[in-house]
Amino acid sequence: MVSLLTVVGNGVSCLLAAYAFARLRFRLRGLWFAVMIGTLLLPGHVLIVPQYILFRSLGMVGGEWPYLPLLVPQFLATEAFFVFLMVQFMRGIPRELDEAAKIDGANAFGIFRHVILPLSRPALVTTAIFSFIWTWNDFFRQLVFLSQLEDYTVPVALTLFIDSTSQSAVGPMFAMSVLSLLPVFLFFVAFQRMLVEGINTSGLKG
């Protein structure tokens, strides 16, 4: 559930942010884009403390739905890598298509809906695959924000096989590890062709 909602959040928010940076004109666009790229230099462990303080002050940590701290940032285009990936992809789409859509009466949203969105599918699929894999394998953030046993995700739950004496139940832990790898493997196999297309795309067909 967390991984799939993260895929949806990153796909929608990063695509909209990338469209603004790549195709729209607004004040200080270059500055804000540089600030966004600068966030890539910040390690995730540096950001986890202010994020925890913020979400705790908002009552999201340990609340009725404990996954909010893991999901809310994904719907706010906080993953600069995916925004940058989509911006670079959209810059390769000819602007003549935008002009043709404007002649047909399309506004900025119409251009996004009928021109940019269909052509950005390879970049969107690449974002979805990496978002799913990274979220599924994430351990540190989930360990910080999830405190109840019944809320643990797979990476955190695997640590339960190690007791206080540092002894582990090898058999059950190995079985659980294999099961935890299956969704990632199946997800990658299902979309590997689109992943390669998204990475290697350098122009438009047709």
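Is Ala-77 buried, partly exposed or exposed? In this predicted model, in which residues are numbered from 1 along each chain as its sequence is written, local features need a pLDDT of at least 70 and side-chain atom pairs count only at pLDDT 80 or more, while totals for chains, interfaces and linings use all residues. Side-chain values use heavy atoms, with hydrogens and water left out. Ala-77 counts as partly exposed, because its relative accessibility is 23% and the class covers the range between buried (under 20% relative accessible area) and exposed (over 50%), as computed with a 1.4 Å probe on protein chains only. Ala-77 is found in the loop between helix H4 (68-71) and helix H5 (80-91), and its phi is near 55°, a positive value in a residue other than glycine.

The protein has eleven helices and zero strands, where helices (H or I, at least four residues) and strands (E, at least two) are DSSP runs numbered from the N terminus. Read from the N terminus on, the elements therefore run α-α-α-α-α-α-α-α-α-α-α. Of the 206 residues in the protein, 34% are buried. Among the contacts (heavy atoms within 4.5 Å) with a separation of 6 or more, 73% are accounted for by residues 24 or more positions apart.

Two helix pairs were examined through their axes, which are lines fitted to C-alpha atoms, for helices over the stretch in contact, with angles running from 0 to 180 degrees between N-to-C directions. The axes of helix H1 (residues 2-23) and helix H2 (residues 29-38) come within 10 Å and cross at roughly 135°, which means that H1 is oblique to H2; in this scheme angles under 35 degrees count as roughly parallel, over 145 as roughly antiparallel, 65 to 115 as roughly perpendicular and the rest as oblique. The crossing in which H1 passes H2 is left-handed, a term for a near helix turned anticlockwise from the far one by less than a right angle, with right-handed used if the turn is clockwise. On the H1 side the contact is made by Ala-20, Phe-21 and Ala-22, and on the H2 side by Arg-29, Trp-32, Phe-33 and Met-36. These residues divide into six nonpolar, no polar and one charged, where Ala, Val, Leu, Ile, Met, Phe, Trp, Tyr, Cys and Pro count as nonpolar, Asp, Glu, Lys and Arg as charged, and the others, Gly among them, as polar. The loop between H1 and H2 holds Leu-28, which has a positive phi of about 60° although it is not a glycine.

For helix H6 (residues 96-103) and helix H7 (residues 108-119), the axes come within 10 Å and cross at roughly 150°, so that H6 is roughly antiparallel to H7. H6 passes H7 in a right-handed crossing. Here Leu-97, Asp-98, Ala-101 and Lys-102 in H6 meet Ile-111, Val-115, Ile-116 and Leu-119 in H7, and the residues of this contact divide into six nonpolar, no polar and two charged.

Individual residues illustrate the surroundings of buried positions. Ser-131, in helix H8 (residues 121-137), is buried, with a relative accessible area of 1%. A polar atom of the Ser-131 side chain lies 2.7 Å from the backbone oxygen of Thr-127. With neighbours within four places in sequence left aside, Ser-131 is in contact with Val-7, Asn-10 and Phe-82. Thr-153 lies in the loop between helix H9 (140-145) and helix H10 (154-157) and is likewise buried, with a relative accessible area of 14%. Leaving aside neighbours within four places in sequence, the contacts of Thr-153 are with Tyr-67, Gln-142 and Leu-146.

Leu-181, found in helix H11 (residues 170-200), is exposed, with a relative accessible area of 54%. From Leu-181 to Ile-133 the separation is 48 residues in sequence and 9.9 Å in space, C-alpha to C-alpha. Leu-54, found in helix H3 (residues 44-57), is partly exposed, with a relative accessible area of 46%. Between Leu-54 and Pro-69, which are 15 residues apart in sequence, the C-alpha to C-alpha distance is 9.4 Å.

Note on methods: A polar contact is a pair of N or O atoms within 3.5 Å; within protein, one must be able to donate a hydrogen and the other to accept it, and residues adjacent in sequence count only if both atoms are side-chain atoms.
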